[in-house]
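Okay, thanks for coming, everyone. Let me put the model up and then walk you through it.

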Amino acid sequence: MSKTTLSPIISGTMNWGVWDKNLTPKEMENMIQICIENKITTFDHADIYGSYTTEADFGKAFHNSKIAREKLQLITKCGIQMIAENRPENKIKYYDYSKDYIVWSVEESLKKLKTDYVDVFLLHRPSPLMEADEIAEAVEKLKAEGKIIDFGLSNFTNSQTELIRQKTEVSYNQVQFSATHFDPMTDGSLDYMQTHGIRPLSWNPLGTVFREDTKKTRRLKKLLSTLVEKYHFGSDTLLLSWILKHPAKVIPIAGTVNVARIQSLMKAVELEMDKEDWFAIWTESMGDDVA
């Protein structure tokens, strides 16, 4: 079971740096402050974000903010080897879960984030060549040294998770889950996680509702417009509330840097969606009634 307590909604930093928003250190500092003021105290990272630069930019902002370390929680991931300017040795994109690389990667993340430990460390994507014993050795070493508190996975199937779980405790699995991508709810993944005390984290929690114009998203937008009037909350808040209602206690990762949206995110935690409305959203996403 997890030793950490994360905020009910997590701030995703993937787009904070050069991959998208290109926030300055001062803007990142302000963003951290705004999130914490709105009770979003957990920040999701990966070593590769910003082509291996975003962790360091965030670390500078965090250091300059003078925020006490215990007031926030940091998640990071490793394993994906990308072709990047600062990784000239990488000729193709691949995965590395050797003990030495895992330990080295975590230590690099700690330096960049300017912290002595990360609250949650995840393996970013499963590798066909991963060896569970070697992963477990790295994780146990990092835990014993106080460099990581909890360990988990990201985008792992149930069987891949079980492989690792047989060797070391798995407390989290970060998966794609939303009203438009509900596979983890129907393929047994969320059931498996509940059974084994693994907390699901959801990336891309708003799905494709605001990004694609399809029959599915048009159906959902039409329904959401009526639910907005009923609940007096925005569509994005309703979609997060849909995720939060699931008994697996999924924690959504929201990547927005829009201040107004950040201020509204935690309203999803307060909203108690009616069961019928929850099923209505699922029904419109499927395009058919439940069986």
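So, how many bridges join strand β6 to strand β7? Five, with β6 (residues 118-123) and β7 (residues 148-154) running parallel. Within that pair, Val-118 has Ile-148 of β7 as its bridge partner. Strands here are DSSP runs of E with at least two residues, helices are runs of H or I with at least four, and both are numbered from the N terminus.

Quick housekeeping. This is a predicted model, where local features need pLDDT of at least 70 and side-chain atom pairs count only at pLDDT 80 or more, while totals for chains, interfaces and linings use all residues. Residues are numbered from 1 along each chain as its sequence is written, and side-chain values use heavy atoms, with hydrogens and water left out.

Now the barrel. Eight strands close it, in the order β1-β2-β3-β6-β7-β8-β9-β10, with parallel pairing; to count as paired, two strands need at least two DSSP bridges between them. On average, neighbouring strands of this sheet are turned by 30 degrees against each other, direction ignored.

On to the helices. The axes of α4 (residues 99-113) and α5 (residues 132-144) come within 8 Å and cross at roughly 35 degrees. Axes are lines fitted to C-alpha atoms, for helices over the stretch in contact, and angles run from 0 to 180 degrees between N-to-C directions. From α4, Lys-99, Ile-102, Val-103 and Val-106 meet a set in α5 that includes Ile-135, Ala-138 and Leu-142, contact being heavy atoms within 4.5 Å. The residues of that contact divide into six nonpolar, no polar and four charged. For the classes, Ala, Val, Leu, Ile, Met, Phe, Trp, Tyr, Cys and Pro are nonpolar, Asp, Glu, Lys and Arg charged, and the others, Gly among them, polar.

Last, the holes. On a 1 Å grid over the protein atoms alone, a cavity is a set of points where a 1.4 Å probe fits but cannot get out, a pocket is an open set with protein on both sides within 12 Å along at least five of seven lines, and lining residues have an atom within 4 Å of a point. The lining of the largest cavity takes five residues from α4, which gives the most, and Trp-104 and Glu-108 are among the lining residues. By class, that lining has two nonpolar, two polar and five charged residues.

For the largest pocket, 37 residues form the lining, and Met-14, Asn-15, Asn-204, Ile-253 and Gly-255 are the closest to its centre.
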